[in-house]
Amino acid sequence: MQAWQVHENGEPSEVMRLVEVAPPTPGEGQILLKVRAASINFPDVLMARGQYQVKPPLPFTPGVELCGETEDGRRVIGNPALPYGALAEYAVADPAALFPAPDSLDDAEAAALHIGYQTGWFGLHRRARLEAGETLLVHAAAGGVGSAAVQLGKAAGARVIGVVGGPDKAAVARELGCDVVIDRRADDVVGAVKEATGGRGADVIYDPVGGEAYQQSAKTVAFEGRIVVVGFASGSIPSPSLNHALVKNYSVLGLHWGLYAVKNPKLIQHCHEQLTELAAQGAIKPLVSERVPLAGAAGVVQKLADGVTTGRVVVEVSA
C-alpha cells in the first residue's frame, strides 16, 4: 500500500515521504481500516517537527483523524492508533476510538468532524457552560478549530465575534455566521471587541492561538467571563496574570480534550451523539476548504504549518 512516513523530524514538506509498504498488522484488540479520507490537524505538523507531546517512533505515518471503512463495511470516524496514522491507504485503530460516521456528511466532511467539533463542544459546553444570548469570541475563527467553535456557538444561540488574520479569512468567518468579524491585521482587536459589546466584553473566549491573542482575551473578557485555552498555534505560551483574573473576576479554563478518552470516555460518546444530531439538522457542517489526493498530503500539511489554510484541508484516499 501507499503511505506517508516521517523518517526524521523537520518541516513536513521536507521530511514526509510517500512510500510503498505492507499494510499494518493490527495489535491485540485493534482493527484494520481502509482509509477513505484523512483530515489534516496541527498535531500532524507538530509531530513531523518532533514538537508534539506524543512522539511516535520513527518512521511513523502521520494523520490523527480519519473517515474509514471497517472490514465488515461500516463507515466510521475517529483517531487511528499511531504509528499507523491516517495518511495511508490503510490504518489501524482501537475500536473505542471509533464512532459511526454521520449519514448527513460525505467522507471528507465526516473526517473533519471529530477532533475540532469534539474540542469545541467540550470547550464551550462542558468547560465554559456557554448560554444562549451570551457573546462568544473565537480567535482564528476561519481555521479548522475556530470554524467549528463558530458553528457550535451559533447553534447554541450565542452572538459570535470572530477574530481572523486577513481579508480572505474575514470573508470565510462571515460565511460561517460570525455576527462581528475583526481582522487582527487591520483592526484594533481590543477596541473593536469593546465597541461591539458596548464596553462589556465577551462572556466566553475560545483561544486556540495563545501568545498575543491571549493578552487580547484578558483585556476583552467580561465580568464573570470565561477564557477557554485550547492550544498555542502561535507557538507562544502566555503566562496569565492571576491578579488580573482576580481583579476582573474571570476564569481561565484549560481544555485537553484527549484526556476525556481516559478520564470519562462516555462523555465523548455523548458528544458524538450531539454532533451527529446537529449535523443532521444542518446546524453544523465542517468547512472543507480543500480536498487533495493522497499524493498531495505533504504539501497541505506544510500549508497548515505555514498558517495559510482556512477550515479543514482533507486528503481523499479512497471511496
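**Labels and their grounds**

Author: Strand β12, residues 221-229, contains E224. The model is a predicted one. The phi of E224 is positive, about 60°, although E224 is not a glycine.

Reader: Where does R129 lie, and what is its phi?

Author: R129 is placed in the loop between α4 and β8 (135-139). Its phi is positive, about 55°, although R129 is not a glycine. R129 follows α4.

Reader: What makes α4 largely enclosed by the rest of the structure?

Author: A residue counts as buried under 20% relative accessible area. Eleven of the 14 residues of α4 are buried, and α4 is therefore largely enclosed by the rest of the structure. The buried residues are H114, I115, G116, Y117, Q118, T119, G120, W121, F122, G123 and L124.

Reader: Why is α4 called oblique to α5?

Author: Helix α4 (residues 114-127) packs against α5 at an angle of about 50°, and the two axes are 8 Å apart. Angles under 35 degrees count as roughly parallel, those over 145 as roughly antiparallel, and 65 to 115 as roughly perpendicular, the rest being oblique. The angle therefore makes α4 oblique to α5. The crossing of α4 past α5 is right-handed.

Reader: Which residues make this contact, and how do they divide by class?

Author: On α4 the contact is made by G116, Y117, G120, W121 and L124, and on α5 by A148, A149, Q151, L152 and G153. In the contact of α4 with α5, six residues are nonpolar, four are polar and none is charged.

Reader: How do you know that the buried residues of α6 line one face of the helix?

Author: In helix α6 (residues 167-176), the buried residues are A170, V172, A173 and L176. Viewed down the axis of α6, its buried residues fall within an arc of 160°, so they line one face of the helix. They pack against α5 (144-155), β9 (159-164) and β10 (180-183). On the other side of α6, the exposed residues are P167, D168, R174 and E175. After α6 comes G177, with a positive phi near 115°.

Reader: Why is D168 called exposed?

Author: D168 belongs to helix α6. The label exposed requires a relative accessible area over 50%. D168 has 65% and is therefore exposed. Its C-alpha atom is separated by 37 Å from that of V92, 76 residues apart along the chain.

Reader: Why does S217 count as buried?

Author: The cut-off for buried is under 20% relative accessible area. S217 has 0% relative accessibility and therefore counts as buried. S217 lies in helix α8 (residues 212-220). Not counting residues up to four places away in sequence, S217 touches H139, I205, D207 and I227.

Reader: How do you know that S39 is buried?

Author: The same cut-off, under 20%, applies. S39 has a relative accessible area of 1% and is therefore buried. Strand β3 (residues 31-39) holds S39. Leaving aside its neighbours within four places in sequence, S39 is in contact with D44, E65, A111, A112, R312, V313 and V314.

Reader: What kind of peptide bond joins L82 and P83?

Author: L82 and P83 are joined by a cis peptide bond, with omega about 15°. P83 lies in the loop between β5 (75-78) and β6 (90-93).

Methods: Residues numbered from 1 in each chain as written. Predicted model: local features only at pLDDT ≥ 70, side-chain atom pairs only at ≥ 80, totals over all residues. Heavy atoms only, no water. Buried < 20%, exposed > 50% of the residue type's maximum accessible area, 1.4 Å probe, protein only. Helix = DSSP H or I, 4+ residues; strand = E, 2+ residues; numbered from the N terminus. Arc of directions from axis to C-beta. Contact = heavy atoms within 4.5 Å. Axes fitted to C-alpha atoms, helices over the stretch in contact; angles between N-to-C directions. Left-handed = near helix turned anticlockwise from the far one by under 90°. Nonpolar A, V, L, I, M, F, W, Y, C, P; charged D, E, K, R; others polar.
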